[in-house]
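Colleague: I would like to learn how to go through a model like this one. Could we take it feature by feature?

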Amino acid sequence: MVESDRSDQLVTHGLSVHFDGVKAVDDVDLEVQRGRITGLIGPNGAGKSTLFNAVSGFVPLTAGRVVLGDKDITGWSPTRISQHGLVRSFQDTRIFKTLTVLENVELGAMNQGLNGAKGRDFAYGILELLNIKHLALESAGNVALGDERRAGIARAVATKPDMLLLDEPAAGLDEDETAELSLTIVDLCRELGCGVLLVEHDMSVIFGVCEWIHVMDSGKTIAVGTPQEIRTNPAVIEAYFGKERS
Ligand SMILES: Nc1ncnc2c1ncn2[C@@H]1O[C@H](COP(=O)(O)OP(=O)(O)O)[C@@H](O)[C@H]1O
Ligand SMILES: [Mg+2]
């Protein structure tokens with residue numbers, strides 16, 4: 001893919017997803033720029049996962065539009081969306097446990113037409129980037145959770161996305177693994193020149209890696225800004241950190 005074909009941003013316009021009267025996401029304008037890590041935070045039930053699912057084609061929109069680069073991708077299937085450069089990870093990794101770590105990543109490479117030796121070399125490169133090259137030939141079902149997470153991200157990354165959506169990548173990891181994963185996410189964004197949308201509970205990850213943060217509460221956007229702005233935003237402190245403390 002030539003550089004000029006790459007999508008520079010992912011934008012939602014008035015995105016809403018309602019479930020039987022529950023306004024899970026309500027009129028949200030989200031912007032994710034390529035080359036930047038954007039955090040999506042908010043208390044439990046804020047609508048983060050639903051927004052994430054809607055953007056990646058897993059949940060239909062009630063209203064609004066999703067635009068990737070110059071394409072309106074509203075209503076597209078998850079497969080078509082991923083082929084156009086927006087790829088997500090899953091909280092439960094959805095890794096193929098009977099395949100090796102390498103084979104899982106090769107599947108990602110195949111997605112963008114890299115087969116055989118080329119695909120294998122490329123997959124090894126991605127494993128190196130994620131610091132799990134030594135696990136290449138292990139069965140994916142046998143590796144530790146932190147490594148399984150990395151393998152899941154590696155598979156997503158192997159498709160060379162313009163936008164990478166990560167859903168709570170640090171969930172279940174210990175402090176050291178979390179710190180290491182944070183560094184990896186920064187490296188990935190830099191090396192691949194992709195945009196990252198990061199949903200994460202762990203505020204050390206969010207404030208450690210994000211240049212831009214979008215905050216939701218009860219389906220709505222309550223703040224958007226730099227980490228410094230978000231830290232000191234009274235609405236965020238009330239909605240998010242207030243509830244966290246109670
Ligand atoms: N499939 C669904 N059917 C009905 N309600 C749902 C569904 N998915 C999510 N919700 C509701 O939508 C709201 C937002 O949920 P979610 O997007 O999971 O929030 P978050 O990821 O921020 O914790 C919650 O009130 C949740 O109960
Ligand atoms: Mg969620």
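This is a predicted model: local features need pLDDT of at least 70, side-chain atom pairs count only at pLDDT 80 or more; totals for chains, interfaces and linings use all residues.

Colleague: Is α1 itself mostly covered or mostly open?

Modeller: For burial, one counts neighbouring C-beta atoms; 20 or more others within 10 Å make a residue buried. In α1, 6 of the 8 residues are buried, so the helix is mostly covered by that criterion. The buried ones are Lys48, Thr50, Leu51, Phe52, Ala54 and Val55.

Colleague: Which residues surround ligand 1?

Modeller: A shell is read first as a list, then by element and class. Ligand 1 has around it Phe19, Val22, Ala24, Gly42, Asn44, Gly45, Ala46, Gly47, Lys48, Ser49 and Thr50. Two elements, β2 (22-28) and α1 (48-55), each supply two or more of these residues. The largest share, 3 residues, is that of α1. By class, the shell has 4 nonpolar, 6 polar and 1 charged residues.

Colleague: What does the domain assignment give for the protein chain?

Modeller: It gives domain 1 (3-85 + 164-245) and domain 2 (96-160). Their C-alpha centres are 24 Å apart. In the contact, domain 1 takes part with 12 residues and domain 2 with 11 residues.

Colleague: Which elements give two or more residues to the side of domain 1 that touches domain 2?

Modeller: Those are β8 (163-167) and α6 (175-192). The most, 6 residues, comes from α6. That side of domain 1 divides into 6 nonpolar, 3 polar and 3 charged residues.

How values were computed. Residues are numbered from 1 along each chain as its sequence is written. Chains are lettered from A and ligands numbered from 1 in the order in which they are written. A residue is near a molecule or strand if its C-beta atom, placed from the backbone, lies within 6 Å of it. Helices (H or I, at least four residues) and strands (E, at least two) are DSSP runs, numbered from the N terminus. Ala, Val, Leu, Ile, Met, Phe, Trp, Tyr, Cys and Pro count as nonpolar, Asp, Glu, Lys and Arg as charged, and the others, Gly among them, as polar. A residue is buried if 20 or more other C-beta atoms lie within 10 Å of its own, exposed if 12 or fewer, and partly exposed in between; C-beta atoms are placed from the backbone. Domain bounds come from an automatic or database domain assignment. Two residues are in contact if their C-beta atoms, placed from the backbone, lie within 7 Å.
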